[in-house]
Amino acid sequence: MLLRYRIAGLYSCVSFIDFGHVEPDCRQTGSPVIFSFYYQRFYGSFHVSICNLCDILSKIIEKDLMNSINCKGKLLSLDEPVVMGIINATPDSFYEGHLKMPINELLNLAGKMIADGAAILDIGGLSTRPGSQPVSIQEETDRVLPVIESILVAYPDIILSIDTYNGTVAKAAVLQGAAIINDISGGNLDVDMIDTAAVLGVPYICMHMLGTPATMQQEAVYENVAKEVLDFFINKIDACNRAGIKDIIIDPGFGFAKTIEHNFQLLKQLAVLKITGKPILAGLSRKSSIYKTLGITAAEALNGTTVLNTMALMNGASILRVHDVKEAVEAVKLFKAYKKAP
């Protein structure tokens, strides 16, 4: 018997899911199976395979699904978009506005972001700008732990994420009080990262990137960037599910192994990623796609950031990762008013 279901809420980017070759006992027991999605937006038809049909599909089509993540006992609702503020505990960020801040200044910055409406603060001790080189695990750990401790002493209710692709750093940060792991490599730069996140029991932000920060721009070759990023997430979500991670957030990785053209294609087709049923994080803040397109500097890219953040919200982003919280929160408020309009 041929069964067809249309997934609601995915605009015109999704056509049908075909269950024609799924065995009846698989439908009933939730056994891992293979099926295909067919898409017809911007780039014609293609198909991708996904395992664990019943587990993934139920999260997409259940209308009463609670859209929240459990951050070490603090439930963060993503029914409406939220803002993540960037705290760089590193001397070599691409954005000079956050360079070489001592802890007291980072603490002041955290306080301002919280006052401006940030739901999450993302703490990073390693620059991942194009061409950047890694530092030792010890140095990265030494950069982030005092910042995490200081912020949580002053603002114990704020949710902190640790921006790292190293499982050892992630574990130390979570034990210090961080409640989310934000991994730009999706587990590719540390084979133990996904298992570490599962054991720690915290939400995991899985970002798409090819290569390393030092080599990623040489890897920016795609036949269809949206399709290939979606394929990446389908495989990574399956790996995260098998490891036991409960809350998964996906980040398409704007600026990571992508040209300016790729970034705009991916932003335009961002709604395609909603097929995964996972919250989408958009990290567009002051990136080169903005300032190079406009012929300005990163320091002048706030207005462009707000424009692209708004586009991301329109296309399904649940979290905006930004340097400038106030402006992003205002974009979210205006987006919510727009959605509520009759």
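Is Arg321 buried or exposed in this structure? Arg321 is buried, with a relative accessible area of 16%, where buried means under 20% relative accessible area, exposed over 50% and partly exposed in between (1.4 Å probe, protein chains only). The structure is a predicted model, in which local features need pLDDT of at least 70 and side-chain atom pairs count only at pLDDT 80 or more, whereas totals for chains, interfaces and linings use all residues. Residues are numbered from 1 along each chain as its sequence is written, and side-chain values use heavy atoms, with hydrogens and water left out.

The secondary structure of the chain comprises 11 helices and 14 strands; helices (H or I, at least four residues) and strands (E, at least two) are DSSP runs, numbered from the N terminus. Of the 342 residues in the chain, 54% are buried. The accessible surface amounts to about 15400 Å², and carbon and sulfur atoms contribute 53% of this area. Accessible areas come from the Shrake-Rupley method with a 1.4 Å probe, and for residues only the protein chains shown count as cover. Among the contacts in the chain with a separation of 6 or more, 65% are between residues 24 or more positions apart; a contact means heavy atoms within 4.5 Å.

An open sheet is formed by 8 strands with parallel pairing, in the order E12-E11-E10-E9-E8-E7-E14-E13. Two strands pair if DSSP finds at least two bridges between them. Strands E9 (residues 159–163) and E10 (residues 180–183) run parallel and are joined by 3 bridges; Ser161 has Ile180 in E10 as its bridge partner.

Arg321 lies in strand E14 (residues 319–322). Its side chain makes a polar contact of 2.8 Å with that of Asp122. A polar contact is a pair of N or O atoms within 3.5 Å; within protein, one must be able to donate a hydrogen and the other to accept it, and residues adjacent in sequence count only if both atoms are side-chain atoms. Leaving aside residues up to four places away in sequence, Arg321 touches several residues, including Met84, Ile86, Asp163, Asn182 and Leu281.

Met207, in strand E11, is buried at a relative accessible area of 2%. Met207 and Pro252 are 45 residues apart in sequence, with a C-alpha to C-alpha distance of 5.8 Å. Among the residues that Met207 touches, not counting those up to four places away in sequence, are Asp183, Phe232, Phe233 and Asp251. Both Phe232 and Phe233 are buried. The count of aromatic pairs is 1, formed by Phe232 and Phe233 in an edge-to-face arrangement, 5.4 Å centre to centre with 75° between the planes. Rings of Phe, Tyr and Trp (its six-membered ring) pair if their centres lie within 6.5 Å; planes under 30 degrees apart count as stacked, over 60 as edge-to-face and the rest as tilted.

In helix H6 (residues 193–200), the buried residues include Met193, Ile194 and Thr196. The cover over the buried residues of H6 includes helix H5 (167–176), strand E10, strand E11 (204–207) and helix H7 (225–243).

Cys206 is buried at 2% relative accessibility, and Cys240 is buried at 0%.
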